Amino acid sequence: MKASLYTSIEKVHESAVLIKVGSTLNQENHAKVKAVTSLIEASSFEWLIEVVPSYTCVMVYVNPSNVVLESPLDFIIQEIKRCLQGKLSRQTKGRLVKIPVVYGGEFGLDLVELADYHKLTPAEVISLHSDRIYTVYMIGFTPGFPYLGELDQRLATPRRDQPRLRIAPGSVAIGGTQTGIYPIESPGGWHIIGRTPRTLFHSERNPVTLLQLGDHVQFVPIDESQIWLDEEGEYDH
């Protein structure tokens with residue numbers, strides 16, 4: 001018998017349905033989130049507005065006025081259940097995207113403090129942070145912000161007590177047990193350890209976000225003089 005892709009499907013309000021796949025952030029549940037997202041996005045439901053994946057659930061925004069029934073959400077949930085029993089097309093492994101980063105200095109204001117907190121040197125923090133490949137588990141908070149895992153537990157750091165009001169685009173940061181990249185100027189409470197010249201969000205690009213759900217990211221340390229290089233430059237050294 002085919003294993004279920006979800007644990008529950010719930011009404012959130014009259015225009016949204018929440019599909020839960022589990023309760024723990026891991027590769028198995030991430031694969032289920034990707035599968036659920038793919039199946040629903042590939043459907044031709046006239047009531048479908050948007051599919052928004054997160055760590056362990058998927059929010060489906062709907063237009064119930066397109067369903068001429070007394071209980072449109074009940075009908076939509078049944079259609080979602082049937083959809084999730086369908087045949088899944090082959091899942092891609094996601095791209096490997098190398099992100100160049102200038103660590104420390106004016107571009108990584110919290111690197112030294114974070115290193116001290118963990119009784120590490122800044123060089124050790126850089127090595128631990130860049131010496132693994134991360135999975136894009138979710139895009140959110142601001143347009144194009146990638147939530148990346150899994151961070152080396154030796155770098156897990158509580159968020160700042162006092163968030164900054166303005167964080168520069170491209171800032172690479174650590175918050176809790178995750179790392180991420182601020183795509184646009186915004187407030188934020190994560191610890192800034194570096195900056196990338198890559199543009200993560202551009203409204204005139206297709207797709208508008210550089211990184212997508214399921215992509216993989218490898219941070220590549222670069223010299224401060226390279227922060228101004230063209231974002232499409234080669235950094236594979």
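Predicted model: local features only at pLDDT ≥ 70, side-chain atom pairs only at ≥ 80, totals over all residues.
Me: Which residues of α1 are buried?

Reply: First, the general idea. An α-helix has 3.6 residues a turn, so residues three or four places apart point the same way. Now the case here: the buried residues of α1 are Asn29, His30, Val33, Lys34, Ala35, Val36, Thr37, Leu39 and Ile40.

Me: And what do those buried residues of α1 pack against?

Reply: They pack against several strands and a helix: β2 (16-20), β3 (48-53), β4 (57-62), β6 (133-139) and α2 (72-83).

Me: What is found at the start of α1?

Reply: Look at Asn26 there. One of its side-chain oxygens comes to within 3.2 Å of the backbone nitrogen of Glu28.

Me: Let us turn to strands. Do β5 and β13 run parallel or antiparallel?

Reply: Strand β5 (residues 96-103) and strand β13 (residues 216-221) run parallel, and 6 bridges join them. To find your place in the pairing, look for Ile99, which stands opposite Phe219 in β13.

Me: In which sense do β6 and β13 pair?

Reply: Those two pair in the antiparallel sense, over 3 bridges.

Me: Now for charged side chains. How many salt bridges does the structure hold?

Reply: The general idea is that side chains of opposite charge can pair when their charged atoms come close. This structure holds 9 salt bridges. One of them joins Glu10 and Lys20, with the closest N and O atoms 3.5 Å apart. Glu10 belongs to strand β1 (residues 8-13) and Lys20 to strand β2, so this pair ties together parts that are 10 residues apart in sequence. Glu10 is partly exposed, at a relative accessible area of 31%, and Lys20 is partly exposed, also with 31%.

Me: Which residue meets Lys11 in a salt bridge?

Reply: The partner is Asp74, at 2.7 Å from N to O. Lys11 is in strand β1 and Asp74 in helix α2, so the pair ties together parts 63 residues apart in sequence. Lys11 is partly exposed, with a relative accessible area of 48%, and Asp74 counts as partly exposed at 36%.

Me: Where do Glu185 and Arg166 lie?

Reply: Their side chains meet in a salt bridge (3.1 Å, N to O). Glu185 sits in the loop between β10 (178-181) and β11 (186-188), while Arg166 is in strand β8 (residues 164-167), 19 residues apart. Glu185 counts as partly exposed at 44% relative accessibility, whereas Arg166 is exposed, with 63%. Elsewhere, salt bridges that share partners join Asp110, Arg160 and Arg164 into one network.

Me: Next, a single residue. Is His118 buried or exposed?

Reply: His118 has a relative accessible area of 18%; buried means under 20%, so His118 counts as buried. You will find His118 in the loop between α3 (111-117) and α4 (122-130). A polar atom of the His118 side chain lies 3.3 Å from the backbone oxygen of Ala156. Leaving aside neighbours within four places in sequence, His118 is in contact with Arg154, Leu155, Ala156 and Thr157.

Me: Last, the aromatic rings. How many aromatic pairs are found in the whole structure?

Reply: In general, a pair of aromatic rings is described by the distance of the centres and the angle of the planes. A search of the whole structure finds 9 aromatic pairs. For Tyr55 and Tyr147, the ring centres are 6.0 Å apart and the planes stand at 90 degrees, so the pair is edge-to-face. Tyr55 is in the loop between β3 and β4 and Tyr147 in strand β7 (residues 146-149), so the pair ties together parts 92 residues apart in sequence. Tyr55 is partly exposed at 21%, while Tyr147 counts as buried at 14%.

Me: Which residues form one aromatic cluster?

Reply: The cluster consists of Tyr55, Phe141, Phe145, Tyr147, Tyr182 and Trp190.

Conventions
Residues numbered from 1 in each chain as written. Heavy atoms only, no water. Buried < 20%, exposed > 50% of the residue type's maximum accessible area, 1.4 Å probe, protein only. Helix = DSSP H or I, 4+ residues; strand = E, 2+ residues; numbered from the N terminus. Contact = heavy atoms within 4.5 Å. Polar contact = N/O pair within 3.5 Å; in protein donor to acceptor, adjacent residues only side chain to side chain. Pairing = 2+ DSSP bridges. Salt bridge = Lys/Arg side-chain N within 4 Å of Asp/Glu carboxyl O. Phe/Tyr/Trp six-rings, centres within 6.5 Å; stacked < 30°, edge-to-face > 60°.
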